[in-house]
Amino acid sequence: MVKEQIFVNDNPTGWNKIEDEFGNVFDDKHLVTDDLHGMEVNLTHYPKGFYKKSHIHTMAHGMLILSGKCRLENDVYGPGTFIWMPEGYIGGHGATEDSDLTFVFIANKPFGLSYVEDGSVGEIKAEICNLYEINDWTTIEAENGWSFLDKSLVADEETGMIVNVTKYPKGYYKPRHVHPMSHGMMILEGKMKTETGIYGPGNFIWDPAGLITSHGATDECDVLYVFVATQPFQISYPEK
């Protein structure tokens, strides 16, 4: 039986110490690896001052900043920033000198990394969006006269993986439905109500493909979350 899985950001268990090739240590917590294309979702924690030297990955990947500040080359980005680096992007990133950095790491395929000469610059650029400052939302007409806001962040051509940010108004609750693709929701603001409980910021909810479920905002506040799925969006509503 497929079941909803809940991962809590501040849960002290499940973290692993990772030492890079240069002797620098950071913390990582694996959340999900999907069988379809090897899509990965991890939580990563860099101590202040930690900086990963210029490198290139064999997969496209994104960083959703939860706390602290991320230094990306010569720029600095705070909480709520989503940074997407297409496959072939060359660069370095890390925490600033004055704060630790915690972020969600999302990759379209299994992890692969190699280092390049410091200062190397590629033609591929990172795509950056502050999810708390969006002003070009798409309004989605929902059930029973409701509507909610949505914005596409990533539509990966190779694997079909998508990343969106979505805002439900308080009181909106999506009736029981099923997606044919596995998908996850990282709560940023407000509270998400599901059939298993109510979850606030820092919680990651993973629904395997084929799970019949329902979810929405509580009656007290809107909920803002990032939606990541292994394939393009599809939904159906089973007969009652």
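Which strands each supply at least two residues of the lining of the largest pocket? They are S2 (16-19), S3 (25-33), S4 (40-46), S5 (51-57), S11 (101-107) and S12 (113-115), strands being DSSP runs of E of at least two residues, numbered from the N terminus. The model is predicted, so local features need pLDDT of at least 70 and side-chain atom pairs count only at pLDDT 80 or more, whereas totals for chains, interfaces and linings use all residues. Residues are numbered from 1 along each chain as its sequence is written, and side-chain values use heavy atoms, without hydrogens and water.

**Largest pocket**
- The largest pocket has a volume of about 350 Å³; a pocket is an open set of points on a 1 Å grid over the protein atoms alone, where a 1.4 Å probe fits, with protein on both sides within 12 Å along at least five of seven lines, and a volume is the space filled by probe spheres set on the points.
- Of its 20 lining residues, Ile18, Phe26, Asp28, Lys52 and Phe111 are the closest to the centre; lining residues have an atom within 4 Å of a point.
- S4 gives the largest share of this lining, 4 residues.
- The lining comprises 9 nonpolar, 5 polar and 6 charged residues, where Ala, Val, Leu, Ile, Met, Phe, Trp, Tyr, Cys and Pro count as nonpolar, Asp, Glu, Lys and Arg as charged, and the others, Gly among them, as polar.

**Second largest pocket**
- About 280 Å³ of space lies in the second largest pocket.
- Its lining has 18 residues, with Ile140, Phe148, Asp150, Lys174 and Phe233 nearest the centre.
- The largest share of this lining, 4 residues, is supplied by S16.

**Sheet**
- An open sheet of 7 strands has the order S2-S3-S4-S11-S6-S9-S13 with antiparallel pairing; two strands pair if DSSP finds at least two bridges between them.
- S2 and S13 (127-130) are the edge strands, each pairing on one side only.
- S3 and S4 are joined by 6 bridges, and Asp28 stands opposite Thr44 in S4.

**Aromatic pairs**
- The whole structure holds 15 aromatic pairs, defined by ring centres of Phe, Tyr and Trp (its six-membered ring) within 6.5 Å, with planes under 30 degrees apart stacked, over 60 edge-to-face and the rest tilted.
- Phe22 and Tyr115 form an edge-to-face pair, because their ring centres are 4.9 Å apart and their planes lie at 80°.
- Phe26 and Tyr46 are also edge-to-face, with centres 5.3 Å apart and planes at 85°.
- Phe26 is buried at 9% relative accessibility, as is Tyr46 at 3%; buried means under 20% relative accessible area, exposed over 50% and partly exposed in between (1.4 Å probe, protein chains only).
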